[in-house]
Amino acid sequence: MTDISIEDLSARIDALTAGDDRRILGLTGAPGSGKSTLAQQIVEHVADRSVLVPMDGFHLANVELARLGRSARKGAEDTFDSAGYVALLRRLRDQRAGEIVYAPEFRREIEESIAGAIPVFAEHRLIVTEGNYLLLDTGCWIDIRPLVDEIWYIDLDPQLRLERLVARHIRYGREERAAREWVARTDEPNAVLIASTRARADLVIRVPARADSNGPA
């Protein structure tokens, strides 16, 4: 692929959702690659039959990260409740008619997750989930792959991705120097690990640098 426009992916999305059975689609990629933006576009394309359930809702609380000594690495694979995320995916896979499953949502403005923020109804035929570690093959992360029908990897131009990351950190309160230090110390080591999982994706969406690109998360 050479772009992330929904038009380019619509045929594949329509094929994935053609039947009556529920489908779960995962989007992964390095921090700042555009996962949440593409996920939202897909949900809008499928409309009222779909819902977005991000992995970020399973960030450990800041107080727990402090207890574990991991606050400076927030966003690394061991700063999430991966077992809880897998348990949610299993519930979504086995959801019964009439049941509502509630998922957590991460709020960047407070840097915390909110429990029960996303209602998932049995009528939702497509669950879109996005996050950094969907293809990781260690720990509880390895249990994700059998629960998800397809996982797409978003491969964004590295320089544009870094610029977007720095801009995002500044937007949420960091000074520019602190934002760049966080990207170098935390986001980029995570990006290297995530890139090592790329070959396990069902589809790699290659996104070139574009002067008019917006700033996906």
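**Aromatic pairs in a predicted model**

Let's start with Phe80. Its relative accessibility is 7%, so Phe80 counts as buried. Keep in mind that this is a predicted model.

What about Tyr133: buried or exposed? Tyr133 has a relative accessibility of 1%, so this residue is buried too.

Now the rings. A pair of aromatic rings is described by the distance of the centres and the angle of the planes. With centres within 6.5 Å as the cut-off, the count is four aromatic pairs.

Take Phe58 and Tyr85. This pair is tilted. The centres lie 5.6 Å apart, with 55° between the planes. Where do the two residues sit? Phe58 is in the loop between β2 (50-52) and α3 (62-68). Tyr85 is in helix α4 (residues 82-93).

Phe80 lies in the loop between α3 and α4. Tyr133 lies in the loop between β5 (126-130) and β6 (150-156). So the pair ties together parts that are 53 residues apart in sequence.

Ring pairs join Trp141 with Phe80 and Tyr133 in a cluster.

Last, a charge and a ring. Which ring does the charged end of Arg174 sit over? That of Trp182, at 4.2 Å from the ring centre.

Conventions:
Residues are numbered from 1 along each chain as its sequence is written. This is a predicted model: local features need pLDDT of at least 70, side-chain atom pairs count only at pLDDT 80 or more; totals for chains, interfaces and linings use all residues. Side-chain values use heavy atoms; hydrogens and water are left out. Rings of Phe, Tyr and Trp (its six-membered ring) pair if their centres lie within 6.5 Å; planes under 30 degrees apart count as stacked, over 60 as edge-to-face and the rest as tilted. Helices (H or I, at least four residues) and strands (E, at least two) are DSSP runs, numbered from the N terminus. Buried means under 20% relative accessible area, exposed over 50%, partly exposed in between (1.4 Å probe, protein chains only). A charge sits over a ring if NZ of Lys or CZ of Arg is within 6 Å of the ring centre and within 35 degrees of the ring normal.
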